[in-house]
Amino acid sequence: MKPIVAGVAGTVLLAGAIFVGTIVSDKISVDSNVGEQEATVQTQLPTTAAAQSVVYAPPSIEEVPDGPMKEAILYGYELVNNTHVAADEYVGNQLSCTSCHAGAGYDEQTSSLVGVMANYPQYIGRSGSIVTIEERINGCMVRSMNGKKFEMNSDELEAMVAYFAYISEGVPIGAKREWAGTSDMKNVPIPNVADGEELYAQSCIACHAADGSGTDANTGPALWGENSFNDGAGMARMSKMAGYIQNNMPIGAAGTLTDQEASDLAAFILSQDRPEWANHDKDWPKGGRPNDIMNKEKREQIKNGTIDWEKVLSTN
């Protein structure tokens, strides 16, 4: 299984590498409001790719064709949908990829991963380099999962790449994916943490529990505490958290919260204790570090009433 999986994934990534290598020298611009607000290379795409908009039509996980790739694809699906169980030795909390990317990335409305292979390799400002899909997966493992990286060429990593390649079928590199909008809030209003706490008690505890510990990794993930993401994850930023809340919460009524309500909730959630990322000093090595990363220092400032929200939100 391994050589075949690696061969398919490698072919996809090689195509991406050729694409990036050809165009990076032509045009590179930084947009700090894309994805997880990490600087991303915006390239001059070939006319056909730039103009092409693909239809959301991923192949069904129930209809994976028989053959040597089937086992890897199905294992990859399980790893994405139940990460904390299927890859428990690598995960340091009680979250799965589905905690943020609903339906193992299949849900068109909630941070869909369909077509994700079309985005990599990609320059990410937080890393200060061009990263592959494997490196991006491992970035989530050590930040969002508060765990450790998969070994390169491991069954787990190859299976996840095989799964992402499968659900990206028909989405060429550089194509415009209408469903892949970001969850970032561009202009986050100054939050009121007390109002956020009140709103959380009214609307969020049924799924996420009063203490933020969650009720289920996929339907009510932990929002803070030892079983949640660490403060090096993209979701530990005010712009990302507020945008995600507004775009996706509450379930069944997404988009009903105002900017202010989403900001209040984000501030309350991110003011709570969570695992600490040990490598903040190594992030954004080429500059551009955003101010809205809610690390331990800012959590303490919220608690003692000294936080300068205007400064924190000044990069949004």
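I take buried to mean under 20% relative accessible area. W284, at 7% relative accessibility, therefore counts as buried. I note at the outset that the model is predicted.

**Entry 1**

S111 belongs to the loop between α4 and β3. I set both entries against the general rule that most residues other than glycine have a negative phi, and most peptide bonds are trans.

**Entry 2. Cis peptide bonds**

I then turned to omega. The bond from Y120 to P121 is cis, with omega near 5 degrees. I located P121 in the loop between α4 (83-86) and β3 (122-124). M249 and P250 are also joined by a cis peptide bond, and here omega is about -10 degrees. P250 sits in the loop between α9 (238-248) and α10 (259-270).

**Entry 3. Helix α5**

Is helix α5 largely enclosed or open? I found eight of the ten residues of α5 (residues 133-142) to be buried, so the helix is largely enclosed by the rest of the structure. The buried residues are I133, E134, R136, I137, N138, G139, M141 and V142.

**Entry 4. Packing of α9 and α10**

I examined the helices on either side of the P250 loop. The axes of α9 and α10 come within 8 Å and cross at roughly 125 degrees. That angle makes α9 oblique to α10. I recorded the crossing of the two helices as right-handed. On the α9 side the contact is made by M238, M241, A242, I245 and Q246. On the α10 side the residues are D259, A262, S263, L265, A266, A267, I269 and L270. Sorted by class, the contact of α9 with α10 has ten nonpolar, two polar and one charged residues.

**Entry 5. Salt bridges**

How many salt bridges does a search of the whole structure find? The search finds seven.

The side chains of R237 and D292 meet in a salt bridge at 2.7 Å, N to O. R237 lies in the loop between α8 (205-208) and α9, and D292 in the loop between α10 and α11, so the pair ties together parts that are 55 residues apart in sequence. I checked the accessibility of both partners. R237 is buried, with a relative accessible area of 5%, and D292 is buried as well, at 0%.

K70 forms a salt bridge with D66, and the closest N and O atoms are 2.9 Å apart. I noted K70 as partly exposed at 28% relative accessibility, and D66 as exposed at 68%.

K176 and E178 form a salt bridge through their side chains, at 3.7 Å, N to O. K176 is partly exposed, with a relative accessible area of 48%. E178 counts as exposed at 52% relative accessibility, since the cut-off for exposed is over 50%.

**Entry 6. Surroundings of Y90**

I found Y90 in the loop between α4 and β3. At 12% relative accessibility, Y90 counts as buried. Which residues is Y90 in contact with, leaving aside its neighbours within four places in sequence? I listed M141, G147, K148, K149, F150 and E156. One of these, M141, is among the buried residues of α5. Y90 and F150 are 60 residues apart in sequence, and their C-alpha atoms are 7.1 Å apart in space.

**Entry 7. Surroundings of G128**

I placed G128 in the loop between β3 and β4 (129-131). G128 has 10% relative accessibility and so counts as buried. With its neighbours within four places in sequence left aside, G128 is in contact with Y123, P285 and K286. I also looked up the separation of G128 from K282. The two residues are 154 residues apart along the chain, and their C-alpha atoms are separated by 9.6 Å.

Technical notes: Residues are numbered from 1 along each chain as its sequence is written. This is a predicted model: local features need pLDDT of at least 70, side-chain atom pairs count only at pLDDT 80 or more; totals for chains, interfaces and linings use all residues. Side-chain values use heavy atoms; hydrogens and water are left out. Buried means under 20% relative accessible area, exposed over 50%, partly exposed in between (1.4 Å probe, protein chains only). Helices (H or I, at least four residues) and strands (E, at least two) are DSSP runs, numbered from the N terminus. Axes are lines fitted to C-alpha atoms, for helices over the stretch in contact, and angles run from 0 to 180 degrees between N-to-C directions. Angles under 35 degrees count as roughly parallel, over 145 as roughly antiparallel, 65 to 115 as roughly perpendicular and the rest as oblique. A crossing is left-handed if the near helix is turned anticlockwise from the far one by less than a right angle, and right-handed if clockwise. Contact means heavy atoms within 4.5 Å. Ala, Val, Leu, Ile, Met, Phe, Trp, Tyr, Cys and Pro count as nonpolar, Asp, Glu, Lys and Arg as charged, and the others, Gly among them, as polar. A salt bridge is a side-chain nitrogen of Lys or Arg within 4 Å of a carboxyl oxygen of Asp or Glu.
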